[in-house]
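Colleague: I am new to reading models like this one. Could we go through some features together?

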Amino acid sequence: MKYFIKKLTEKFIEGALFLSSTVTTLTIILIVFFLFREGFSLFKHSPVEDGFVIAVNKGNPVDKITGPQIMDIFDQEITNWEKVGGANDSIILFRIDNISDYYTEAQLGDSFQYVPQLISRLIDSIPGMVAFIPATYAVDGFKGRVIELPNVSMKKFFTEKEWYPTAQPAAQMGVLALIMGTLWVSLGAILLALPLGLATAIYMAEIANEKTRRVLKPLIELLAGIPSVVYGFFGLVIIVPLIQKVFELPVGETGLAGSIILAIMALPTIITISEDALRTTPRAMKEASLALGANKWQTISRVTVPYAASGISAAAILGMGRAIGETMAVLMVTGNAAVMPHTLLEPVRTIPATIAAELGEATQGGLHFKALFALGCILFIITMVVNLTVEYISSKRKLTKR
Amino acid sequence: MKTRIYTIALLLTATIITAAFAPAGLMLKIKGSDTVLPLSQKLAETYMNLNTEAKITVMGGGSGVGIAAFIDGTTDIAMSSRKIKMSEKMKLQEAGKAFKEVTIAYDALSVIVNPANKVKQLTREQLEGIFTGKITNWKEVGGDDEKIVAYSRESSSGTFEFFKESVLDNKNYGSAILMMPATGAIVQSVSQTKGAIGYIGFAYLETTVHALKVSYDKGATYVEPTVANAKNGSYPIVRPLFYYTLTQDAAKVKPFVDFILSADGQKVVGEVGYITVK
């Protein structure tokens with residue numbers, strides 16, 4: 001009986017463990033599936049807001065307008081139809097809220113029942129007009145002509161640099177500047193954090209005595225426990241003005257500020273993992289080196305570090321993974337201007353910061369929402385590549401050990 | 001630790017039970033603009049202190065979200081930092097709902113620069129040039145030879161939209177404009193950056209930054225951003241904050257709306273840092 005109960009408990013625990021791992025795996029798969037489904041549906045979308053169309057006068061010869069052109073038209077950068085291949089006539093903008101400039105409340109009717117006819121008549125009477133109106137107005141009896149904009153294409157999404165996801169009437173979705181911003185900041189972070197982290201790890205693993213180590217280690221681990229928004233605030237108040245003064249820049253919110261903050265945040269990861277790797281060097285190897293007459297520094301640089309090289313690279317890459325995905329601290333210090341970065345001393349906008357800042361107001365299921373999911377996909381792919389690299393490097397490490 | 005968990009659990013259960021069996025006093029849901037949110041919260045709190053049986057839930061999400069919920073009927077009051085759009089009006093019309101608009105307060109935006117900046121006043125056209133990226137140096141608007149660093153709120157903010165409509169004449173911001181996640185961050189950055197310019201609500205103004213005089217008549221008169229000027233209508237970058245209610249709910253929302261427009265309610269408006277309607 002006792003045996004039976006024991007057996008049952010064992011089975012039960014086994015089942016519970018199996019169940020939790022299955023649930024975890026399924027959750028991850030579902031999240032990834034959801035992310036990519038939402039992200040990819042962006043490319044079936046017109047850049048014009050849902051439920052709206054862009055219409056022109058029937059006599060207007062222009063039938064192809066690109067997204068950037070329509071944005072320039074509504075920004076009053078392009079004011080003549082000639083520039084987009086039409087007749088020499090000035091462009092008159094019409095948004096639905098402009099209707100009160102043309103007609104009185106009484107003309108619109110008590111329940112606005114006359115609005116569609118009035119807009120139709122208006123477009124018909126003004127040859128140079130381009131109107132941004134609800135799609136329900138442009139149905140039968142509509143005297144204007146609807147212009148279709150090309151869908152958001154994958155090529156444009158990845159190669160264009162303009163990020164205006166909320167621009168009306170046509171959003172501009174170019175993520176190149178955001179991807180470059182993310183990579184620049186992360187790369188800068190790793191360049192700063194790796195030498196410092198490696199030096200600390202060597203000191204802790206090889207040089208420091210037990211007492212120093214016992215103080216240092218918890219301190220460094222504490223660094224990992226500080227909330228990122230605290231880092232961000234520290235960066236905004238201390239590092240940003242410092243950078244501005246040191247480099248005599250007009251603005252201190254730069255990629256470099258982000259890199260420094262991320263470097264500090266990535267340090268615990270880099271130090272802990274590379275210290276562990278350094279400690280795996282067999283004692284016999286170190287002693288052999290010392291016995292051959294090498295001094296301590298020679299032993300460290302020629303024996304210990306090369307032996308732990310794969311572990312150190314894994315540490316660097318994991319640190320970079322942390323830097324790429326970090327949101328809040330970066331959002332606060334990099335200035336978030338969506339321009340292509342040329343140096344680290346310019347404001348940049350990263351992908352996580354963009355998602356965090358913009359998701360709040362994006363309508364669910366809308367164009368902007370999907371674009372943010374597509375950004376999430378890009379981030380996911382970048383971090384996945386980083387993690388696979390770590391896997392590859394650590395598997396190589398096992399082989400060399402044998 | 002364990003006792004604490006029990007206490008929390010007990011408290012939670014108690015709250016849920018009391019919530020479920022609460023006396024049928026005034027139950028209101030308010031949703032919408034994040035600009036109006038702190039004000040509505042404070043007003044609801046004060047009101048609930050005076051009328052203990054009332055229960056008012058306030059939620060943010062943005063003006064658009066609030067009005068959409070209002071059209072769907074999932075909120076009693078939509079708070080909005082912009083006037084209801086023609087398209088939204090038509091949706092309400094289609095749903096057969098008549099609504100009422102109440103202005104509960106005014107919010108004014110001040111354009112701020114670093115105190116060390118020589119420029120103390122700008123016209124709307126100059127501001128438009130700066131924020132669309134056409135004007136990039138202070139010497140173009142009468143200042144030192146210094147690069148202009150323009151700070152804006154993120155696109156999710158109602159302030160971003162209002163500034164775009166009122167000052168930029170509906171044009172898009174330039175791509176080199178720095179986007180900050182919070183108004184506090186703009187104040188901090190402007191106070192420590194010499195060539196900086198930004199915009200914030202009146203309630204956030206501090207002595208570490210300087211508020212510019214603004215002209216909306218091409219430089220004929222420059223108006224100082226003060227509460228008095230905003231009230232008498234001479235300061236141009238002012239927007240009303242609205243509550244939208246359904247006519248059919250009039251009896252239900254009246255006590256709360258009346259409270260807001262009363263002297264007590266308007267006192268709260270002033271305390272939170274907005275401009276009173278009277």
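Modeller: Start with helix α2 (residues 37-50) of chain B and helix α10 (residues 263-272) of chain B: their axes come within 10 Å and cross at roughly 140°. This is a predicted model, where local features need pLDDT of at least 70, side-chain atom pairs count only at pLDDT 80 or more, and totals for chains, interfaces and linings use all residues. Residues are numbered from 1 along each chain as its sequence is written, chains are lettered from A and ligands numbered from 1 in the order in which they are written, and side-chain values use heavy atoms, with hydrogens and water left out.

Colleague: How do I read a helix pair?

Modeller: Two packed helices are described by the angle between their axes and the distance between the axes. Axes are lines fitted to C-alpha atoms, for helices over the stretch in contact, and angles run from 0 to 180 degrees between N-to-C directions. Helices (H or I, at least four residues) and strands (E, at least two) are DSSP runs, numbered from the N terminus.

Colleague: Which word describes how α2(B) and α10(B) lie to each other?

Modeller: They are oblique to each other. Angles under 35 degrees count as roughly parallel, over 145 as roughly antiparallel, 65 to 115 as roughly perpendicular and the rest as oblique. The crossing of α2(B) with α10(B) is right-handed. Right-handed means that the near helix is turned clockwise from the far one by less than a right angle; anticlockwise is left-handed.

Colleague: Which residues of α2(B) and α10(B) meet?

Modeller: Contact means heavy atoms within 4.5 Å. From α2(B) come B:L39, B:K42, B:L43 and B:T46; from α10(B) come B:G265, B:V268, B:V269 and B:V272. By class, this contact has 5 nonpolar, 2 polar and 1 charged residues. Ala, Val, Leu, Ile, Met, Phe, Trp, Tyr, Cys and Pro count as nonpolar, Asp, Glu, Lys and Arg as charged, and the others, Gly among them, as polar.

Colleague: At what angle do helix α7 (residues 176-207) and helix α12 (residues 296-307) of chain A pack?

Modeller: About 110°, with their axes 12 Å apart. α7(A) and α12(A) are therefore roughly perpendicular to each other. Here, A:I202, A:E206 and A:I207 of α7(A) meet A:K296, A:I300, A:T304 and A:V305 of α12(A). The class count is 4 nonpolar, 1 polar and 2 charged residues.

Colleague: Now single residues. Is A:V348 buried or exposed?

Modeller: Buried means under 20% relative accessible area, exposed over 50%, partly exposed in between (1.4 Å probe, protein chains only). A:V348 has 2% relative accessibility, so it counts as buried. Its place is the loop between α14 (328-333) and α15 (351-358) of chain A. Beyond four places in sequence, A:V348 touches residues including A:G181, A:V185 and A:G255.

Colleague: What joins the side chains of B:T183 and B:R153?

Modeller: A polar contact of 3.1 Å. That term means a pair of N or O atoms within 3.5 Å; within protein, one must be able to donate a hydrogen and the other to accept it, and residues adjacent in sequence count only if both atoms are side-chain atoms. B:T183 is in helix α7 (residues 183-192) of chain B. B:T183 is buried, at 11% relative accessible area.

Colleague: What is the phi of B:N170?

Modeller: Near 65°, a positive value in a residue other than glycine. B:N170 is partly exposed, at 28% relative accessibility. B:K218 also has a positive phi, of about 60°, and is not a glycine. B:K218 is exposed, with a relative accessible area of 68%.
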